[in-house]
Amino acid sequence: MTTAETNTEYAAELPVRLEWARHAPEVYKAMIRLDSAAKKGLDAKLYELVKIRASQLNHCAFCLDMHTKDALAAGESVERIIQLGAWEESRHFYTEKELAAIELTEAVTVLTDGFVPDEVYERAAKQFEEAELAQLIAAITVINAWNRFGVTCRMTPGHYTPGQHG
Amino acid sequence: MTARTTHLDAGVRSALRAVSAAAKKGLGDPGLAELVQIRASQLNHCAFCLDMHLALARRDGAVREAQLDLLDAWEEAGDDVFDARERAALELTEAVTVLTGGTSRTKSGGGFVPDEVYERAAGHFDAARLAHLVALITAINSWNRLMVGRRIPPGSTEW
């Protein structure tokens, strides 16, 4: 952590488990290609909210570090980022389109509890036209993939600089 | 059952295919790859992926029938059905798949990938194979999301 101005003693940083991109460079290259393809045509501000919410649900510290910083750098408000963890009770911070996307993000992220409910899909389908909705599902899928690499390989949060990965 | 939508960006499809292919190649164990992909698809309730990977697993006897029968209860199946390496891979598959924790059926009920699960896998796979195993689990999780999200019916040729 970069907190040079205080003398607070924080817990030690956990070491990275596995430098996966170095050990699987072809996979990494394809993931970068996948990431670019999935964000095509999506509203950047909305996509950051989706990425933050999925990373919260998957407990990915590295991705939270990256995407909250990117969102703030792109002009997102602190309030909207903080309220995202309780969006159902703070709906008035978000547009109906954002709410539908966040709700779909949760359903597509927590598949182990069972499917994507029709009503969730339908609400999203009212806000996004078909191709855009398919792109949103792809985008939710991709942040879920990054979350899996981040958590499993225990990538270290705190060192990201906004815009570092374009 | 009809698909909700069959839309999928061609770039997304081809890039994710490349992730899966590179992961499978780097793991270097096609039978284990199918077991992992079936187990993740069970946890994520993906009918399309179950249908596809069970067919691939049965083709040319790539995976023993006893393993397919007992996969959903691998922890209770004997060592003669799943060896220690396969168990370590399946355990890692479950942990990486159920990151959200909660009520889902897995030992990693609290989310994250527990140290002991990771260490057991690292004891059976070197760093390169482990990186590709993690990638394969991630890739099948991605296909599961694309198929369940769009409700692509099992056996469908349009996805």
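Predicted model: local features only at pLDDT ≥ 70, side-chain atom pairs only at ≥ 80, totals over all residues.
1. **Overall make-up of chain B.** Let us begin with the fold. Chain B has seven helices and zero strands, and reading along the sequence gives the pattern α-α-α-α-α-α-α. Its C-alpha atoms fill a box of roughly 40 × 35 × 30 Å along the principal axes. A compact globule of 159 residues would have a radius of gyration near 15 Å, and the 15 Å found for chain B agrees with that.

2. **Burial and contact range.** Of the 159 residues in chain B, 48% count as buried. If you take the contacts in this chain between residues at least 6 apart in sequence, 68% of them join residues at least 24 apart.

3. **The contact between the chains.** Chain A puts 44 residues into the contact and chain B puts in 46. On the side of chain B that touches chain A, the elements giving two or more residues are helix H1 (10–27), helix H5 (84–97) and helix H7 (127–150). H7(B) gives the most, with 17 residues. By class, this side of chain B has 24 nonpolar, 18 polar and four charged residues. If you plan to report the interface, recall that its size is often given as the accessible area lost when the parts come together.

4. **The nonpolar core.** The largest nonpolar core has 99 residues, and those with the most contacts inside it are Leu34(A), Val19(B), Val134(B) and Leu136(B). Leaving aside neighbours within four places in sequence, Val134(B) is in contact with Trp20(A), Phe149(A), Thr152(A) and Cys153(A), together with Val96(B).

5. **Two loop residues with positive phi.** His59(A) has a positive phi of about 55 degrees and lies in the loop between helix H3 (44–57) and helix H4 (61–73) of chain A. With 17 C-beta neighbours inside 10 Å, His59(A) counts as partly exposed. Asp60(B) also has a positive phi of about 55 degrees, and its place is the loop between H3 and H4 of chain B. Is Asp60(B) buried or exposed? Asp60(B) is exposed, because there are 8 other C-beta atoms within 10 Å.

6. **Arg85(B).** This residue sits in helix H5 of chain B. Arg85(B) has 15 C-beta neighbours inside 10 Å, so it counts as partly exposed. Between the C-alpha atoms of Arg85(B) and His7(B) the separation is 38 Å, and the two residues are 78 residues apart along the chain.

How values were computed: Residues numbered from 1 in each chain as written. Chains lettered and ligands numbered in written order. Contact = placed C-beta atoms within 7 Å. Helix = DSSP H or I, 4+ residues; strand = E, 2+ residues; numbered from the N terminus. Nonpolar A, V, L, I, M, F, W, Y, C, P; charged D, E, K, R; others polar. Rg over C-alpha atoms; globule rule 2.2 N^0.38 Å. Buried ≥ 20, exposed ≤ 12 C-beta atoms within 10 Å, placed from the backbone. Core = buried A, V, L, I, M, F, W, Y, C linked by C-beta atoms within 7 Å.
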